[in-house]
Amino acid sequence: MNSPARRKRTTTAALLSAALLGTLVTGCGGDASAGDATHVTVTVGYQSKTINTVTAGTLLRSLGYLERELEAQGKRDGITYKVEWQDYVTGAPITAQMTAGKIDIGSMGDFPLLINAARGKQLNRPTRLVSVTGYNLRGALNTVVTAPQSKLASLKDLKGRTVSTSVGSAADGTLVRALQEAGLDPDEDIRKLNQQPSVGASALQAGSADALSQFVAWPGLLAFQGRAKALYDGAELNLPTFHGVTVRKDFAEQRPKVLDAFLAAQIDATRYLNDHPVQAAEKVAEATGLPPEVVYLYNGSGGIATFDPAVRPDLVAALKKDVPVLRSAKLVGDVDVDSFVDDSAIKRVYGGEYAERLAATPDPSRSEVWLKGEDRTRAFDSPFALLEFVAGHRDQVRAAYVPDATTGTRWYADKAVWVRDGKELSPFVTASAARAYAEAHPGARTVSYSAALGQAS
C-alpha cells in the first residue's frame, strides 16, 4: 500500500511530466500538432513587404480573421489557440524554419515554393502547397529596373554588367529566362550579385549594380520614389508567376481543422481585398510602411496581382516549368510537383464555389486615378480619357495608373513611356517596349508625360 508521501511524490512527478509534455506540445509550431493539448500555438511565417502574399500574411494579420476562426474552432473542440506571426524578407528563412519544425504554415513565391518542397523532402519534413495568394498569368510580378539616368536600353545591354537579385527567388527566375530569351548566358554574360531586395536597391542607387531584378513590391516602390525605371517587364515572358501557401505535411494531417480555419480566413481576407481594394491597400501600407500608392499598383482593383486562393491548373503547369531553371542553377534536384500540390483542403473549405473559382478569368487592368482625400479610385475607358481627366485635376491627383499597351501590366502614368501615334496615346512600362511599338507603327514617336497631358487637355 502506498504511503501519502509516496502518493504525493508520484502525483507531483505526474504533474511535472504533464507540464513538460504541454511545453513540448505548445512551445513551438512544430510540436503544436501532437497530443491532445488544450493550448496550441500555430506559427505562421510570412513576408510583410512581399505584398503579393498579404491575404495569407500582412492583411490577414491586420484583419484578425485567423484568430477569429481559431477562436470559433476552439469553442467547438475545447482548445485555446494562439497565433504566432513571424515576419521575414524572403521565403528562404521560412523554409528553414519549417524544415526545423518551428513554422507550421508559410507563404512565398513560386521558385521558393519549389525549394521548400525539395528541402522538405530532403530533410524528411515534407511540405504541401495548399493554396495561392496572388498571381499574374503573364509574369508581371517580377521586374528588372535600372537607375533613372541609366543609358541601358534593353536586356541585351546588360552584357558585361552587374545585376543584383535574390538567387532562388521568382525574380531571379525571371532574370534567367529573360536573359536567355535575349540571347545572353545568365552565368557567363553578367555578374550576378546575390542580395536581399533592400541591399540590392542600395547597390543600384550607389552604382555598384547596373540593374536590379526583384519581386513585388520593390520595382514599383523604387519607380514611385524616382530611384529606378523599368528596363524589363516580366510580363514579356508570358509565363504565370504566383505566390502560395505551404504547410508542413505532418501539421496538416494532425491539425486539419486548423488548416481549414487558416484557409477560411484567407478566403475572407481575399474577399475583403477584392471588395475594398483602397482600404486594403491602406491597411497593408500602415502595417509595412510602404506607400499606399505602391500597394495599390499591385493589389488594387485590376492591379498587377490577382488574388484568389484556388490552385489553378495553369499555375501548377507554370510551376513545373520552373523546376528545370532551379535545377540548372543547382538549387534543387528533381521536384515532384504533383505530389507537392495538394488542393484538397482549399477545395473542401471553398465547397461548391471551388470549380467556379478555377474557371474565373482575371479582371483586366484599367486606367484609374486616385484623388487626394478620396477613399475610392475613378476608372476610365482608356489611357487617353485618364490623361484628359488628370490634365484638369493635376493638383488633386494622388496617383494615376495605366495598363501597358502590349502586356496589360499596370504602371504609374507619370512613370510610363508614352507613344503618340496620330491622335492615339499609348503607355508602356519600358522604353524598349515603346520603341518596338513605334518601330512597328510608322509615324509613331515617344513623347514625355507632360507632352501627353498637353495633347489630351
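Begin by selecting Gly78 in this predicted model: Gly78 comes directly after helix H3, and its phi is positive, near 70°.

Next, step back into H3 itself, residues 65–77, which has 13 residues and reaches 19 Å from its first C-alpha to its last, close to the 18 Å expected at 1.5 Å a residue. Which residues of H3 are buried? Colour Tyr65, Leu66, Glu69, Leu70, Gln73 and Gly74, for these are the buried ones. To see what covers them, show strand E1 (39–46), helix H2 (58–63), strand E2 (80–87) and helix H10 (256–275), which are included in that cover.

Leu66 leads on to the largest nonpolar core, which has 124 residues, and Leu66 is listed with Ile51, Phe262, Val369, Leu386, Leu387 and Trp418 as having the most contacts inside it. The largest share of this core, 10 residues, comes from H10. Now centre the view on Trp418, whose contacts, leaving aside neighbours within four places in sequence, include Pro383, Leu387, Val402, Arg445 and Tyr449. A second, separate core of 17 residues can be found by selecting Val144, Leu184, Tyr232 and Ala318, which are among its members.

Finally, display helix H5 (residues 110–122) together with helix H13 (residues 313–328), which pack at an angle of about 75° with their axes 10 Å apart. Because of that angle, H5 is roughly perpendicular to H13. Coloured by class, the contact of H5 with H13 has seven nonpolar, no polar and two charged residues.

Terms used
Residues numbered from 1 in each chain as written. Predicted model: local features only at pLDDT ≥ 70, side-chain atom pairs only at ≥ 80, totals over all residues. Heavy atoms only, no water. Axes fitted to C-alpha atoms, helices over the stretch in contact; angles between N-to-C directions. Helix = DSSP H or I, 4+ residues; strand = E, 2+ residues; numbered from the N terminus. Parallel < 35°, antiparallel > 145°, perpendicular 65-115°, else oblique. Nonpolar A, V, L, I, M, F, W, Y, C, P; charged D, E, K, R; others polar. Expected span 1.5 Å × (residues − 1). Buried < 20%, exposed > 50% of the residue type's maximum accessible area, 1.4 Å probe, protein only. Contact = heavy atoms within 4.5 Å. Core = buried A, V, L, I, M, F, W, Y, C linked by side-chain atoms within 4.5 Å.
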